[in-house]
Amino acid sequence: MGAAVHWIALLCLCGPSVCVPAAAPTQEAKKTRGDVPDVPAEPEPTHALTDLENSYNYVLSRLAGMDQAVHKLNVGHYTLDVKVSQLLDRLARMDAKVLEMEDDIREVYQHSRDNRKETGKLEGCQKGLRVGYKCYLVYNRVEDYAGAARKCQERGGRLAMLRDRKEQEAVAAYVKSFFHPGNWPVWLGINDLRSEGLYLFDDGTRVSYFQWRKHFLSSQPDGGRRENCVAMSSDDGDWWDHYCDRTMNYLCEFDDRVAL
């Protein structure tokens with residue numbers, strides 16, 4: 001009976017000229033026949049030990065990279081320390097050379113000062129006036145009292161200190177001839193800066209001989225506490241007190257006892 005039904009169905013599907021085969025049995029048909037269904041493949045399970053090994057290897061690789069970085073840093077620090085040590089050594093040598101150079105400069109400067117003083121003494125005695133063991137020289141350059149005293153010292157002398165009439169008359173004649181026919185005062189090494197009315201030479205000794213100008217209109221000294229430094233007038237050799245910051249020519253004296 002079943003076979004007859006099957007052939008009848010087949011004949012019904014076939015036309016007069018075309019015969020279409022029947023469709024293949026479906027999954028449901030297979031199931032009805034008792035066939036075993038297909039089972040899909042499951043993914044392989046991940047092993048826990050493999051993940052641990054991967055993490056361990058990753059940590060080791062990172063530690064190795066950090067170790068290399070630390071090594072490079074240590075090498076860099078060592079190289080820097082070496083360069084710093086070399087630089088410090090060079091600086092120390094340079095400092096030593098600078099100190100030597102400063103000593104040489106001071107020595108040259110001292111020699112220069114000594115030579116200038118010796119030259120000043122020679123110039124004073126060759127170009128100026130010799131009186132006994134002293135030489136006098138007029139400098140036609142204006143300075144205040146302090147500046148004139150310093151200039152004389154730099155040349156190995158000091159501002160002129162006339163101690164008696166002999167020196168006064170000889171120097172007065174020399175200064176007059178130097179500025180003739182003009183009349184220009186010159187600083188002497190005399191002042192009462194320490195105490196009003198107490199006139200001292202620049203070396204601190206007290207003045208015992210004076211050649212103040214005596215005139216009924218302008219007797220000297222007349223400056224009181226304002227005018228404390230003494231200058232010689234070139235026309236007659238008289239002394240005048242002046243403001244110490246006034247600028248004028250100056251007269252230096254040099255000790256020539258060694259040459260004599």
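Contact here means heavy atoms within 4.5 Å. The structure is a predicted model, in which local features need pLDDT of at least 70 and side-chain atom pairs count only at pLDDT 80 or more, while totals for chains, interfaces and linings use all residues. Residues are numbered from 1 along each chain as its sequence is written, and side-chain values use heavy atoms, with hydrogens and water left out.

Confidence was examined first. pLDDT is the predictor's confidence in each residue, from 0 to 100. Its mean over the protein is 82, and 80% of the residues reach 70 or more. Helices (H or I, at least four residues) and strands (E, at least two) are DSSP runs, numbered from the N terminus. Helix α1 (residues 2–13) has the lowest confidence, at a mean of 43, and β6 the highest, at 97. Over residues 1–32, pLDDT stays under 50. The model has seven contacts beyond four places in sequence for that stretch.

Strand pairing requires at least two DSSP bridges between the two strands. Strands β1 (residues 129–131) and β2 (residues 134–143) run antiparallel and are joined by three bridges. Val131 has Lys134 of β2 as its bridge partner. The two strands form a hairpin with two residues between them. In the turn, Gly132 has a positive phi of about 65°. Strand β2 also pairs with β8 (residues 248–255), antiparallel, over seven bridges.

A nonpolar core is a set of buried Ala, Val, Leu, Ile, Met, Phe, Trp, Tyr and Cys residues joined through side-chain atoms within 4.5 Å. Buried means under 20% relative accessible area, with a 1.4 Å probe and protein chains only. The largest core has 40 residues. Val175, Trp187, Leu188, Met232, Trp239 and Leu251 touch the most other members. Elements supplying at least two residues each include β2, α5 (165–179) and β8.

Helix α5 contains Val175, one of its buried residues, along with Tyr174 and Phe179 among others. Beyond four places in sequence, Val175 contacts Val138, Val186, Met232, Ser234 and Leu251. The cover over the buried residues of α5 includes β1, β2, β4, β6, β7 and β8. At the N-terminal end, Asp164 caps the helix, with a side-chain oxygen 3.3 Å from the backbone nitrogen of Lys166.

Asn228 lies in the loop between β5 (198–201) and β6 (229–232). Asn228 counts as buried because its relative accessibility is 12%. A polar atom of its side chain lies 3.0 Å from the backbone oxygen of Arg225. Leaving out residues up to four places away in sequence, Asn228 touches Ile190, Asn191, Asp192, Leu193, Glu196, His242 and Cys244.

Key. Buried < 20%, exposed > 50% of the residue type's maximum accessible area, 1.4 Å probe, protein only. Polar contact = N/O pair within 3.5 Å; in protein donor to acceptor, adjacent residues only side chain to side chain.
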